[in-house]
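Have the model open and follow along.

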Amino acid sequence: DCVGVMLDALQKSKYADNTIVILFGDHGWHLGEKLRFRKAELWKESTQLPFVIHLPGMNKMQYCNRNVNLIDLYPTLIELCNLPDKPELDGESISTLLDNPTAKWHPTVTTDGPGDFSVISEEWHYIIRASKGVEELYDLKNDPMEWDNLAHSESEEVQNIKQYLQSSVPKEFAEEIPK
């Protein structure tokens, strides 16, 4: 309701035609799911967050089920505001999804330290925890709570999906920030 109040006020202001509103929250929290507490995990419950974008001229709400990363915000704003491009940026503009929420999109990656990654598409979630020697693969359409680990399934379809998602795992890593 408060977001609606704010957007209504923006619409009535002189800034309605030149203001982009982006709302997002912190990533998820385990409160007993999978016998975990807090958020330091790579399951969907811990890696997803609320994310809303309102552009000038938008007059209806659209849902987009594609996964994006917050690192994509800066390149998106550069494009939407027609600012000079910065080719050395890691993220990529999601303006395509703002124009067409059903556009084809790629899996996204979340990192939880060297060698520990979550690669998620709309239907599949691959997790590799090299630090623990663990690999997980979940069919989000049929198992949204991520209980049935299919990583070691002998199904050719599952192995092809796993291989596709593995191709998104970074091959180079930034130097870790000193603690």
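Helix α5 lies across β6, β7 and β8, running at about 65° to β7. Contact here means heavy atoms within 4.5 Å, and axes are lines fitted to C-alpha atoms, for helices over the stretch in contact, with angles from 0 to 180 degrees between N-to-C directions. Helices (H or I, at least four residues) and strands (E, at least two) are DSSP runs numbered from the N terminus.

This is a predicted model, where local features need pLDDT of at least 70 and side-chain atom pairs count only at pLDDT 80 or more, while totals for chains, interfaces and linings use all residues. Residues are numbered from 1 along each chain as its sequence is written, and side-chain values use heavy atoms, leaving out hydrogens and water.

Now for the sheet: it is open, with four strands in the order β5-β6-β7-β8 and antiparallel pairing. Two strands pair if DSSP finds at least two bridges between them. Because β5 and β8 stand at the edges with a single partner strand each, one side of each has no neighbour in the sheet. From one strand to the next, the twist averages 15°. Four bridges join β5 and β6, and Thr111 has Phe117 in β6 as its bridge partner.

Phe117 also belongs to the largest nonpolar core, which has 10 residues, including Trp124, Leu150, Ala151 and Leu165. Such a core is a set of buried Ala, Val, Leu, Ile, Met, Phe, Trp, Tyr and Cys residues joined through side-chain atoms within 4.5 Å; buried means under 20% relative accessible area (1.4 Å probe, protein chains only).

| Element | Residues |
|---|---|
| β6 | 116-120 |
| β7 | 124-129 |
| α5 | 156-166 |

Another core, of seven residues, lies apart from this one and includes Ile53, Leu55, Ile94 and Leu98.

How values were computed: Buried < 20%, exposed > 50% of the residue type's maximum accessible area, 1.4 Å probe, protein only.
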